[in-house]
Amino acid sequence: MEAVLAQIEAFKAEISSFTANDAAGVEAFRIRFLGTKGIVKQVMGEMKQVPVEQKKAFGQILNEFKAFAEARYEALQSASQQHATDESLLDYSLPGDAFPVGARHPLSLVRNQIVSIFQRLGFALAEGPEIEDDWHNFGAMNLPEDHPARDMQDTFYVSQNPSWLLRTHTSSVQARIMESQQPPIRVICPGRVYRNETISARAHCFFHQVEGLYIDEHVSFADLKQTLYYFVQEMFGKDTKVRFRPSYFPFTEPSAEMDISCLICGGDGCTVCKHSGWVEILGSGMVHPKVLENFGIDSNKYTGFAFGMGVERICQLKYRVNDLRLYSQNDVRFLSQFKGAL
Ligand code: PHE
């Protein structure tokens, strides 16, 4: 008697957890529990063994068990019919749900274009950390402490430990490359940089740079000019004009800034080029011998050039984005305009 009751409980558990997705599943349930050789019939057969005085109570349990199985059968049946009806109500001629496809961020598009142009010239890709130490961001780049040129870049320091800072330029990656490799070195280093500036249409507290470094024997300023000239033609088209202006960076000597003819107004003058017809796109120069020596590179044997450009500026010229804040506001009306761009 006890054993049969335990069996009934186990069958009840099985019945409750039985699922059926279609008519075949429901039929399988019927055969197992309610069929002529099914479990309910089988359990009913136990009645014979039961002593007379317990027959009434046991009969009640059996009837309940049977009703339990039948109720579950009905529930499964109506669920599967419901399923079938839902299917038949589907209107396959209705337009489908729109499946929105994302777009690459314009800064990623432009960075990828810049990197691939230099990769065609044999530059390898290099990246470095955004949280830097003073040495890699400044010291090694020939900006010792109290060097006035440090004021050129307003630095964010990590408050818990002011010997850490957010890199102000990707020149810190140059430092890390020279630290770990001997010439010939030919790398292109894209990355995000940070400066403590008030956010406006023209300035932001973070932006993106791509830096290049080329060190080998006999590398000259002519190589620098030709490399950058090739870059401009590939990036902006064959008609784009280029000019170099003498400049100053502590880590290069001589240094130059490079302008290109304004793509917005074609050189006639507009607000982007401040009515000069030219826009500055990068800083460059021959790597300062002191920087080479900082990394044990023999400056009598090796020379090199370096350059650094702002990705936002290039993007502004290519896609006419005139407010820097648009890049980080995540507004899909802005971002979706770059769908399909490569
Ligand atoms: N690091 C400079 C800047 O952020 C750019 C630069 C890189 C200039 C390499 C010269 C050579 O302004």
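How many positive and how many negative side chains does the protein chain have, and how far apart do the centres of the two sets lie? In this predicted model, the protein chain carries 34 positive and 41 negative side chains, and the centres of these sets are 5 Å apart.

**Overall form**

The protein chain is split into two domains: domain 1 covers residues 2–88, and domain 2 covers residues 106–338. Their C-alpha centres are 76 Å from each other. Along the principal axes, the C-alpha atoms of the protein chain occupy a box of roughly 115 × 50 × 40 Å. The radius of gyration of the protein chain is 37 Å, whereas a compact globule of 342 residues would have a value near 20 Å. In secondary structure, the protein chain contains 11 helices and 9 strands.

**Surface and contacts**

Of the 342 residues in the protein chain, 42% are counted as buried.

**Helix H7**

Why is helix H7 described as largely enclosed by the rest of the structure? Helix H7 spans residues 171–180, and it is largely enclosed because 7 of its 10 residues are buried. Those buried residues are Ser171, Ser172, Val173, Gln174, Ala175, Ile177 and Met178. Both helices and strands are part of the cover over the buried residues of H7. The table lists elements that this cover includes.

| Covering element | Residues |
|---|---|
| Strand S2 | 131–133 |
| Helix H6 | 134–137 |
| Strand S4 | 185–194 |
| Strand S5 | 206–217 |
| Helix H9 | 289–294 |
| Strand S9 | 302–310 |

**The start of the chain**

Where is Met1 placed? Met1 sits in the segment before helix H1, which runs over residues 2–17. Met1 counts as partly exposed because its relative accessibility is 40%, and partly exposed is the class between buried, under 20%, and exposed, over 50%. Apart from neighbours within four places in sequence, Met1 has contacts with Val50, Gln54 and Phe58. Glu46 is 45 residues from Met1 along the chain, and the C-alpha atoms of these two residues are separated by 8.7 Å.

Methods. Residues numbered from 1 in each chain as written. Predicted model: local features only at pLDDT ≥ 70, side-chain atom pairs only at ≥ 80, totals over all residues. Heavy atoms only, no water. Domains from an automatic or database assignment. Helix = DSSP H or I, 4+ residues; strand = E, 2+ residues; numbered from the N terminus. Rg over C-alpha atoms; globule rule 2.2 N^0.38 Å. Buried < 20%, exposed > 50% of the residue type's maximum accessible area, 1.4 Å probe, protein only. Lys, Arg positive; Asp, Glu negative; His and termini not counted. Charge placed at Lys NZ, Arg CZ, Asp CG, Glu CD. Contact = heavy atoms within 4.5 Å.
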